[in-house]
Number of protein chains: 2
Amino acid sequence: MSEVWLNGRYVAADEARIGIADRGFLLGDGAFETIRAETGRLRRWPRHRARLAGALGVLQIAPPDWVAVESAARRLAREHGEAAVVRITISRGEHGPGMTAPPGEPGTVLVTARAMAPAPRVLNAILVRDLRREPTSLATRFKLTQYADPLHARRQAASVGADMALMLSSSGHLSCADSASLFWIEAGGRVATPGADCAALNGTARGALMLACAEAGITLDEVKAGPDALQRAEAVFITNAVMGVVPVARVDDRSFDADHPMLARLSDMERAAE
Amino acid sequence: MSEVWLNGRYVAADEARIGIADRGFLLGDGAFETIRAETGRLRRWPRHRARLAGALGVLQIAPPDWVAVESAARRLAREHGEAAVVRITISRGEHGPGMTAPPGEPGTVLVTARAMAPAPRVLNAILVRDLRREPTSLATRFKLTQYADPLHARRQAASVGADMALMLSSSGHLSCADSASLFWIEAGGRVATPGADCAALNGTARGALMLACAEAGITLDEVKAGPDALQRAEAVFITNAVMGVVPVARVDDRSFDADHPMLARLSDMERAAE
């Protein structure tokens, strides 16, 4: 039986339980990271740890013992082979009713792992226009356990046979994919991606790719652009921590070059970047 | 020991557990209602049930056995005396990893109750400007288990000694309080409240009061108004399912008439309304 790590102890997955007063369950009051692990090594652990620490800081939940969390994540990842997906979930834990809870207390800390499924070679996407992402919301600025909107966007995509949904910000600008960062390649070779003012999450693969592009002299700009920017793009791709770079072959009725010459290079760069 | 009702069974509260794969815990994938119960009767049960059913519909979670849920809620409420607060929480339940889950399956159904604390006579509030509510988000349209933003607004209020936070919509219009509907009374007696286009939740007490005002010939309009509308208001109040009408005596540095002649009448009307 597969194990998980819950509040400092290894527990069989199907025996691991949390209390019904856990505010993660009652109020979405928590944050998480999904991390790619390779032969038990956590990819970009400093980036994931920093982002999760940022979320816990704003939520005023005490940080966990990071060394113990990393150690548990690596052990669980190794049990799932060469390529695994680790998820670290930290909620505020159990408290009484009401809006407030004592700040700075340790929460519920859960680490799980599973074998990684192969990433798709390309994706087809739809653009969801009626479910906007607000840049000031904590749920767009941090990776919180509050995914109703992306999940709903994904349901809309699945209902028309697409793999993923792209979303807009409150102001109608391109924001991100339902579970990934969004990029496009313009004629001339500039790479563009929405920034925080468009409610884009600071993705770990996104951050690594931006740094790698800066080092390689490839122009990658954070932009505030409407959906028409995709109409003018030569290629579109997404990144996330698990899948790396994946070309988007289609958004609604518009096709893109999934074999654009820059895509292979960007994919290699993302793979090599920390 | 206090009991709760979890997936059809009465369980001691401190023994009630959910699995760590529950998507309510992992993704905020659920909805809830907080209901005032009086001598075991659920106030405005049809309104609460309809709103929760609407949330489950959009989330594509199967509705529970409403008769059994109401029965359990009433039994638990009676154990907490004449005035109790019931919470019904329904999440998608346990599913494997990934964004998608089979639609239309029954979820985790939790009913809890507690004794009601007396409502405050008046509240002091702050207006939070940097945490906007997006009208298209499922979390503003339905009462989802995703409260990070209101909880954060409340922390900001508490940090300056205020009781509650008022919030703005993405477009900068008055929206609601962190856990209540917002109203103000203008010179001349018109009552105003933000509408759905300002990311106001369709509160049950709000709905009841709007209907009662319409029947009594009191003008109560849904408006799209900036924060300056409060500067011009004679009185401000909030409503929620548990507390009913509560005057707001102060928003930031501006004081309001907490004994405005219309407040007592509106409070009586809310109490009498279904």
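This is a predicted model: local features need pLDDT of at least 70, side-chain atom pairs count only at pLDDT 80 or more; totals for chains, interfaces and linings use all residues.
## A buried glutamate

A salt bridge here needs a side-chain nitrogen of Lys or Arg within 4 Å of a carboxyl oxygen of Asp or Glu.

Residues are numbered from 1 along each chain as its sequence is written, and side-chain values use heavy atoms, without hydrogens and water.

## Its surroundings

B:Glu134 sits in the loop between strand 10 (123-133) and helix 4 (138-141) of chain B. Its side chain makes polar contacts (N or O atoms within 3.5 Å, one able to donate a hydrogen and the other to accept it). The partners are the side chains of B:Thr136, at 2.8 Å, and B:Ser170, at 2.9 Å.

Contact means heavy atoms within 4.5 Å. Leaving out residues up to four places away in sequence, B:Glu134 touches A:Arg132, A:Glu134, A:Ser170, B:Thr140, B:Ser170 and B:Ala199.

## The interface

Chains B and A bury about 4300 Å² between them, 67% of it on carbon and sulfur atoms. That is accessible area (1.4 Å probe) lost on being put together, summed over both. B:Ile20, B:Phe25 and B:Met99 supply 19% of the area that chain B buries against chain A, more than any other three residues.

In contact are 53 residues of chain B and 53 residues of chain A. Between the chains there are zero salt bridges, but 24 residue pairs are in polar contact, both at pLDDT 80 or more.

Definitions and conventions. Chains are lettered from A and ligands numbered from 1 in the order in which they are written. Helices (H or I, at least four residues) and strands (E, at least two) are DSSP runs, numbered from the N terminus. Buried area is the accessible area (1.4 Å probe) that two parts lose on being put together, summed over both.
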